[in-house]
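Have the sequence and coordinates open as you read.

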Amino acid sequence: MKKIMIICAGLLLFSPMITRAQAILDKVDRATDKADRAGHTADRSKSTGEKILGFFGKKKDGTSTEKTTVKIAGANFSTLKAINDKLQSAKGVQSTKMKYSASGSSIVLQHTGTTSDILKALQKAAPDVFAEKNIDGMDDGEISVKLN
């Protein structure tokens, strides 16, 4: 009987603390629910905004940046430098990066259009280098030139 009385007294004594703790936990739960709802609302607003802005977005002009490597065999450094200068001024070429080696040099082009489009522009910019007799091979992203 004493055990039952001690347990009842303990429950009466600690029940207000338990209810206060439960109230605090309920407040935390409500706060996290509000944060979750705000996050979901923000996500929906973002997707709606993106859809609306999609109607007014920039139109694609079909010009994407490509990278083509022009491999040049049989050129010394001064010739390679002169070719690089001509390529920089070619239509559609955005940037060039030159690599020299005695066995074979290369120039990496950042350009718009396809590899065959850039070859046509290069033939106009440097007709003596990119003459058809000097073209050793062409593939997507690569043009091989052999100078005599």
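## Starting from a buried threonine

Thr-115 is buried, with a relative accessible area of 9% (buried means under 20%, exposed over 50% and partly exposed in between, using a 1.4 Å probe and protein chains only). Before going on: this is a predicted model, where local features need pLDDT of at least 70 and side-chain atom pairs count only at pLDDT 80 or more, while totals for chains, interfaces and linings use all residues. Residues are numbered from 1 along each chain as its sequence is written, and side-chain values use heavy atoms, leaving out hydrogens and water.

Thr-115 lies in helix 3 (residues 115-125); helices (H or I, at least four residues) and strands (E, at least two) are DSSP runs, numbered from the N terminus. A polar atom of the Thr-115 side chain sits 2.9 Å from the backbone nitrogen of Gly-141. Leaving aside residues up to four places away in sequence, Thr-115 touches Thr-68, Met-138, Asp-139, Asp-140, Gly-141, Glu-142 and Ile-143, where contact means heavy atoms within 4.5 Å.

What other residues of helix 3 are buried? Along with Thr-115, they are Ile-118, Leu-119, Ala-121 and Leu-122. Covering the buried residues of helix 3 are, among others, helix 2 and strands including strand 1, strand 4 and strand 5.

Five strands make an open sheet in the order 2-3-1-5-4, with mixed pairing; two strands pair if DSSP finds at least two bridges between them. The edge strands, each pairing on one side only, are strand 2 and strand 4 (135-139). Strand 1 (residues 65-73) and strand 5 (residues 142-146) run parallel and are joined by five bridges, and Ala-73 has Lys-146 as its bridge partner in strand 5.

## One aromatic pair

Searching the whole structure turns up one aromatic pair (ring centres within 6.5 Å; planes under 30 degrees apart count as stacked, over 60 as edge-to-face and the rest as tilted). The rings of Phe-77 and Tyr-100 have centres 5.5 Å apart and planes at 80°, so the pair is edge-to-face.

| Residue | Relative accessible area |
|---|---|
| Phe-77, partly exposed | 43% |
| Tyr-100, partly exposed | 41% |

Notes:
Phe/Tyr/Trp six-rings, centres within 6.5 Å; stacked < 30°, edge-to-face > 60°. Polar contact = N/O pair within 3.5 Å; in protein donor to acceptor, adjacent residues only side chain to side chain.
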